[in-house]
There are 2 protein chains.
Amino acid sequence: MSARFLVIGGDAAGATAAAHVNRAVPDAEVVIVEQQAYTSYSACGIPFYVGGDLDHATDLVARSPQQHRAAGIVVHTQTRADRIDVDRRVVHVTDLVTGRPREEPFDLLCYAAGAHPRLPDDVPGLRDFGMPVQTLDEGERLRAELERRPVERVAVLGGGYIGIEVAEALVRHGIHATIIDRHDALMQTLDPDMAGPLHERLRDFGCDLRLGEQVLAVESTDGRCQAVRTSGGRIAADVVVVAIGSRPRTWLAEDAGLKLGPSGAVATDERLRTSADGVWAAGDCAESTHLLTGAKVNIQLGTHANKHGKVVGIDVAARLNGDGDGDATFPGVVGTAVTKLCDLEVGRTGLSEREAHAAGFDFAAARFVGTAKSGYLPDPGEVHVKLLAERGTGRVLGAQMVGTGNVAKRIDVAATWCHLGVTVQDAQMLDLSYAPPFGGTWDLLQVGARKLVRQLGLSPQL
Amino acid sequence: MSARFLVIGGDAAGATAAAHVNRAVPDAEVVIVEQQAYTSYSACGIPFYVGGDLDHATDLVARSPQQHRAAGIVVHTQTRADRIDVDRRVVHVTDLVTGRPREEPFDLLCYAAGAHPRLPDDVPGLRDFGMPVQTLDEGERLRAELERRPVERVAVLGGGYIGIEVAEALVRHGIHATIIDRHDALMQTLDPDMAGPLHERLRDFGCDLRLGEQVLAVESTDGRCQAVRTSGGRIAADVVVVAIGSRPRTWLAEDAGLKLGPSGAVATDERLRTSADGVWAAGDCAESTHLLTGAKVNIQLGTHANKHGKVVGIDVAARLNGDGDGDATFPGVVGTAVTKLCDLEVGRTGLSEREAHAAGFDFAAARFVGTAKSGYLPDPGEVHVKLLAERGTGRVLGAQMVGTGNVAKRIDVAATWCHLGVTVQDAQMLDLSYAPPFGGTWDLLQVGARKLVRQLGLSPQL
């Protein structure tokens, strides 16, 4: 009898693992159980769909259930996993269409249940009217709501990546948006002193910001949302979008006795194996190692989910083929993330000052404003830069950039530095590109590296 | 008596060295001898000035002679160095305004004489009518020529970076431009199969291309340029721009007995010291080590010139201060270069296939076309990618990219890989950024890395 590899969750991590095993172990039976109607879609694209840049939710689907099936994978969509019985090697599931429960047996299991949006139940009305945008189903519901009736004002709770992206998309399509955040600055993944240009750009673009305000209630009349009441006042709103973060969806795993890690996500080793033999975890529900702090972290991003899925697929295939350990390991993450806001690109990698302090690093930070193009060109643009390096060693600890012009991929240069332990002394000498449309002869990151070499009293000081 | 540090050439390399020594050794006498009227300008910006994006040539000057003087440096502009007498420690110079020769003594010398444009004298008429755009003086002459009389048609000889940039600038300002190149593809720093999108974009933009044609003569009537005659025909031209490369300006150094290296530029060690004690060479006239081949190369770029100048300044200052060797060394280059053509960005780093073959590497190349944004977004753009890695080790040997969307700084990621010896196995696992406006979950360079891992039979194959 062929081995059965069961995957809970058919998005980036789970579907990737399934597809790999399906290719690498032809006689394995590969089965995906997925709660939604979709598999393998771009969650990061949801704001673009909500805002109307895309016509159909399915535009975001990279690989549909039908496509997975055509490749030989069994895919049960709209099927919820209710309980994992590790000893009996079955997952109890419910067909959400018929309501009928059944068991799905497995030899090996990948738990890739993703994350669920935070939706606090101590804010009156929020559970009733707050609309998350975590999954494509949720994105569809929000867009349907926007199209169903004239929506003039939307309150977006949470000023992180998703909140900002949704707000921009709404404003761009003629809907008035207000971002409400309890912090005094948007984007807590940046240091507060980097958020200023974001605030300015959003306000210039026509988006209202209510910062440092606590959401107290969502008010309604006759079952229709009317406003959000905050510690700072009342904000009229026909629709309330909730984008205040998400939590790894761990309760099934926990219930099954899988160990959770310090981040609250499922604990895994470098092959994404959990504490239970023959059970892996991958994607938003799993932990990774932060390469700069060594700490276990839960960073929910499609990039990590894809790589996790590959590593799991390789390890599962090796196990099924009797090859011992899979030859892929997931080295860890450095916290790279980027987004775009109008013409402004926002990127970060490594540790923020806040994080570096918390991790106990002795470091210096260089903070400056440069131009995106050579200063003598028309409209040279502006890039806010912050670079961090460790005292003594000069190792690059993090970078943040906000501005026009190539910020996202500049951040990848710094990400590579953080990942590989490059020092500011070496970084300043790298053969990085230069042409007037892309900056000055010293790349902005190298300008930062030079500043840090001086600040830290390292050598050579160019 | 204070020591005298003399610098021949007051642009990126020379002026940087002078400024460093001037700051680091307050009692040194620092003197620059510069043939032109300008110091410290952006040669890369000349096409933008010629094309009219900038009003004044001085917009390109980062630090004028007056500014250098205000900092305490003696600057002799319009002063030509004629002969270096290393034994007597003097440079024979001529004041180009008065025509008067004199001697400039030195204790330590930096030779930063730059490069001179190739202007073959076996093409009739070329010496008379061909206008190079190597220096700001030459840029000024060309722009004056374009403004002096109605110029309708310009022939640009040479389809490298400068030729393409000048041609685009001309077309953008309503002048008909034809690029003539003896090769079948533009940009010999790219492999020929990467040049296709460039050809297409230039032609779409209205620029004529005459590829694979030898220039035979420049024809004139009554002292006015009329046409360029090539092996392929006759191209009407009011002005002929010459951008067929440049050579390190070495004859003064050679005449003084300084050793030249295999590249034809002045031979230097890692502190840019020449074969003569107390004499350094820096910038376009000096050699660097190619970090992938170990060969000595002469790559004329402002980025290297600036770093060279710093390393020289630090070494000279250490010598003057009695500190032994300067603590900065120039590690070498990997051949990074970028440019912009309309909305197309063009970048390369490391070795092209041609170069990798010539250097005797056993390697594989991945060549593919990806999108600049996530494929589901409107106008996702197109990026042509080529990545090279060494067989056996998997070490990244080079990258070329042509397309819309962040190519220039993506190339810097690959440049860092080439510089640090990163393998495709490791590269595919780096925590690089992702958001839909900037590409897919696997960065284009990581897509290439994954392809190469498979092509080379390395592990893990994600």
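**Notebook: strands, sheets and salt bridges**

I began in chain B, where β11(B) and β12(B) run parallel and are paired over four bridges (two strands pair if DSSP finds at least two bridges between them; strands are DSSP runs of E, at least two residues, and helices runs of H or I, at least four, numbered from the N terminus). I180(B) has R210(B) in β12(B) as its bridge partner. The path from β11(B) to β12(B) passes through α7(B), and this β-α-β crossover is right-handed (clockwise from the first strand over the helix to the second, with the strands pointing away from the viewer).

The model is predicted, so I noted the ground rules: local features need pLDDT of at least 70 and side-chain atom pairs 80 or more, while totals for chains, interfaces and linings use all residues. Residues are numbered from 1 along each chain as its sequence is written, chains are lettered from A and ligands numbered from 1 in the order in which they are written, and side-chain values use heavy atoms, leaving out hydrogens and water.

**Faces of β12(B)**

I asked which residues of β12(B) lie on its covered face. They are L209(B) and L211(B), while D208(B) and R210(B) are on the uncovered one. In a regular strand, side chains alternate between the two faces of the sheet.

**Strand β5 of chain A**

Next I looked at β5(A), residues 90-95. Six of its six residues are buried, so the strand is largely enclosed by the rest of the structure (buried is under 20% relative accessible area, exposed over 50%, partly exposed in between, with a 1.4 Å probe and protein chains only). V90(A), H92(A) and T94(A) make up one covered face, and V91(A), V93(A) and D95(A) the other.

I then listed the neighbours of β5(A). β4(A), residues 79-85, is joined to β5(A) by six bridges and runs antiparallel to it, with T79(A) opposite D95(A). These two strands form a hairpin with four residues between them, and R89(A) in the turn has a positive phi of about 55°. β6(A), residues 101-105, is also antiparallel to β5(A), over five bridges, and E104(A) stands opposite V91(A). The hairpin of β5(A) and β6(A) has five residues between the strands, with G99(A) at a positive phi near 80°.

**Strand β16 of chain A**

β16(A), residues 239-242, is covered on both faces: V239(A) and V241(A) are buried on one side, V240(A) and V242(A) on the other. I found β9(A) parallel to β16(A) over three bridges, and β10(A) parallel to β16(A) over four. V240(A) is the bridge partner of G130(A) and stands opposite A155(A).

**An open sheet in chain A**

I traced an open sheet of five parallel strands in the order β3-β2-β1-β7-β18. Why is one side of β3 and of β18 left without a neighbour in the sheet? Each stands at an edge and has a single partner strand. The twist from one strand to the next averages 15°. β2(A) and β3(A) share three bridges, with V33(A) opposite H76(A). Helix α9(A), residues 302-320, packs on the sheet and touches β1, β7 and β18; its direction makes about 170° with that of β18(A) (contact is heavy atoms within 4.5 Å; axes are lines fitted to C-alpha atoms, for helices over the stretch in contact, and angles run from 0 to 180 degrees between N-to-C directions).

**Salt bridges**

I counted 59 salt bridges over all chains (a side-chain nitrogen of Lys or Arg within 4 Å of a carboxyl oxygen of Asp or Glu). One is between D193(A) and R367(A), at 3.6 Å. D193(A) lies in the loop between β11 and α7, and R367(A) in β23, 174 residues apart. D193(A) is partly exposed at 36%, as is R367(A) at 32%.

In chain B, K386(B) and D191(B) meet at 3.0 Å, and both are buried. In chain A, shared partners join D191(A), D193(A), E353(A), R367(A) and K386(A) into one network.

**Between the chains**

Last, I checked the interface: 65 residues of chain A contact 65 of chain B. The chains bury about 5,500 Å² between them, 68% of it on carbon and sulfur atoms (accessible area, 1.4 Å probe, that two parts lose on being put together, summed over both). There are two salt bridges between chain A and chain B. K409(B) forms a salt bridge with D443(A), with the closest N and O atoms 2.6 Å apart.
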